[in-house]
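Here is a protein model to read through, starting from its open spaces and ending with a single residue. Please look at the sequence and the structure before going on.

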Amino acid sequence: MPKIIVDGKELEFKQGQTIIEAAKDHGIEIPHFCWHPKLSVSGNCRMCLVEVEKMPKLVIACSTVAADGMVVHMDSDKAISARNAVMEFFLINHPLDCPICDEAGECKLQDYAYQHSNGESRFVETKNHKDKRVELGPNVMFDGERCISCSRCIRFCDEIAKDPELTFVQRGDRVTITTFPGQQLDNPYSMNVVDICPVGALTNRDFRFKSRVWEMSHTNSICNGCARGCNIELWVRNNEVLRLVPRQNEEVNSFWMCDHGRLNTFKFINAEDRVDGPHIRVEGNLIKVGWDEAFAKAASNLKAFGKDEVAVLGSAYATVEDNFVAVKFAKSVLGTGHLDFVHHIDPSFGDDILKNEDVTPNSKGAELAGVIPSKNGSDFNGIIKSIREGKIKALYVLEDDILNDNPELETVLSKLDLLIINSTNFNKTTVLADIVFPSATYAEKNGTFVNFTGRVQRISPAIATNDVDRALEGMAMSRLDKFGTKFDRWAQGKHYDARSSWKILVGLASALGHELKYNMAEEVFLDVANSVDAFKGLDYDVIGELGTQLKNVNSKSTVKI
Ligand code: SF4
Ligand code: SF4
């Protein structure tokens, strides 16, 4: 393999790679603003200037192709003074906004000002003022004074979102970005420009001014907005999720996520309508009760029905673990084979970039966990038909607001003698329920989702319910170490009385005289791995932070970006 030498280190590289790419592959970051690994090279920020032996002038590392034997100096006096000069130019007109800028704490300009500049400005003239607080679109705000004209946002719209909406106008130090006449920055991926803007010029209108980033914890998770399963981080302060940002996974979503996932998949977590504690219906109203009372009530009600009179619906919103225990609960505890889950398909949602028409995170996982009718059991349509005919009288629903997508089923579900629902929030279906158990959201539990390509990916608790607090107390020290400082943060803010659905079913099984021996999600998953071929040999550590492709499950590569 050909080699280059960067600051005395010999690095192998692939033919065709630029100096910046070759260095990056070996963990060496050459300072840069405009270069991004997934965008075309524009070479306009000049921050990556390096000295290359036998070349008469400094070159930009982002567009100079590495050659065998090339000797590169990033830390020579010439390179350092060039970087300092570039920084000095950037800071000439940059406002002293850091104390009020959302980007502070995660800003490249701020970081490089510490690492690569003189520490003082020689510019005593009046700074050039530009427009601030420009609404580029419904989700993104622009501050012209903070912009360093790197063009990342323009190239993102052109090359990734395939929707050219932004451009430069003016010249020299008057240059600024704007939308084309009559257009807004409103493509379905528009908010990724906020992530890749190296400064605070583009801000997330939903999150801006909500929190300083250093006051927040962040936890790796998976978006639950569709079957793509984009890798994300949940950013939390005071036990409240305040923003989602994409997490790089080249097998799933690269660096990106859609605006729908970013904005619409976390607000239900701290919404007013959260189910906080178990509820049973008394004289027409749902009344909050303790867990033991709710389990006893549900158990005695369920005992009144024959095996064929009861059906269970798993959920494509719930984890593999929740669905796996639901199958055990249906088959071994209730003895019913009337078992299925509802598919939520919205062809208008899917696109050729990331968004998938299956708007649930785990339909493949629910199937693999065994949420399918037994030989003589009914599928969803059969269950509805049997309820209509009065043959099925009791229904257990896991984490799915069936009536939201299927309002026409209201009269059918009203015929049930018993409707028990595990739900994170009160919704159209819980209006009909006799008993509602409070489910933990995806941000409050451990578990796994399987995306539409057959990749199993982990979710972890980013915020605490009363139950997660207790579960963590019982965890091994290594687990506590891993969660580290989050403990203190978890002590603050609202804690809901909710449990993972698998755990609710374990409690209810016990009230029905059956023992399902699981104490933690990891234990459920190990049982999944022992029982379902596709998961064989896996555990949470093997799955890791980026997930793993299940064997013999649809694995066609679908990343087009
Ligand atoms: S708004 Fe941000 S991403 Fe766009 S050109 Fe300016 S600095 Fe670059
Ligand atoms: S494409 Fe799907 S999984 Fe990805 S962010 Fe959007 S809704 Fe979430």
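**Pockets, cavities and ligands**

α1 (19–25), α3 (108–115), α5 (192–196), β10 (202–204), β12 (231–237) and β13 (240–246) each give at least two residues to the lining of the largest pocket. Helices here are DSSP runs of H or I with at least four residues, strands are runs of E with at least two, and both are numbered from the N terminus. A pocket is found on a 1 Å grid over the protein atoms alone, as an open set of points with protein on both sides within 12 Å along at least five of seven lines; a cavity is a set of points where a 1.4 Å probe fits but cannot get out, and lining residues have an atom within 4 Å of a point.

This is a predicted model, in which local features need pLDDT of at least 70 and side-chain atom pairs count only at pLDDT 80 or more, while totals for chains, interfaces and linings use all residues. Residues are numbered from 1 along each chain as its sequence is written, chains are lettered from A and ligands numbered from 1 in the order in which they are written, and side-chain values use heavy atoms, with hydrogens and water left out.

The largest pocket has a volume of about 1000 Å³. It is lined by 38 residues, and Glu-106, Arg-152, Asp-195, Ile-196 and Phe-255 are the closest to its centre. A volume is the space filled by probe spheres set on the grid points, which are joined across faces, edges and corners. By class, this lining has 19 nonpolar, 6 polar and 13 charged residues. Ala, Val, Leu, Ile, Met, Phe, Trp, Tyr, Cys and Pro count as nonpolar, Asp, Glu, Lys and Arg as charged, and the others, Gly among them, as polar.

The second largest pocket holds about 770 Å³ of space. Among its 26 lining residues, Asn-224, Phe-268, Tyr-317, Asp-401 and Thr-424 lie nearest the centre. Here α6 (259–264) and α11 (402–405) each supply at least two residues, and the lining has 8 nonpolar, 12 polar and 6 charged residues.

Of its 17 lining residues, Cys-147, Cys-150, Cys-153, Cys-197 and Leu-202 are the closest to its centre. Two or more lining residues come from each of α4 (152–159) and α5.

What takes the space of the second largest cavity? Ligand 1 does. Around ligand 1 are 14 residues, with Cys-147, Cys-150, Ser-151, Cys-153 and Cys-197 coming nearest. This shell divides into 11 nonpolar, 2 polar and 1 charged. Ligand 2 is surrounded by 13 residues, the closest being Cys-223, Cys-226, Gly-229, Cys-230 and Cys-258.

Arg-458 and Cys-223 are 235 residues apart in sequence and 11 Å apart in space, C-alpha to C-alpha. Arg-458 is in strand β22 (residues 455–459). Is Arg-458 buried or exposed? Arg-458 has a relative accessible area of 9%, so it is buried (buried is under 20%, exposed over 50%, partly exposed in between, with a 1.4 Å probe and protein chains only).

For the protein chain as a whole, 57% of the 561 residues count as buried.

Terms used
A residue is near a molecule or strand if one of its heavy atoms lies within 4 Å of it. A molecule sits in a cavity or pocket if more than half of its atoms lie within 2 Å of its grid points.
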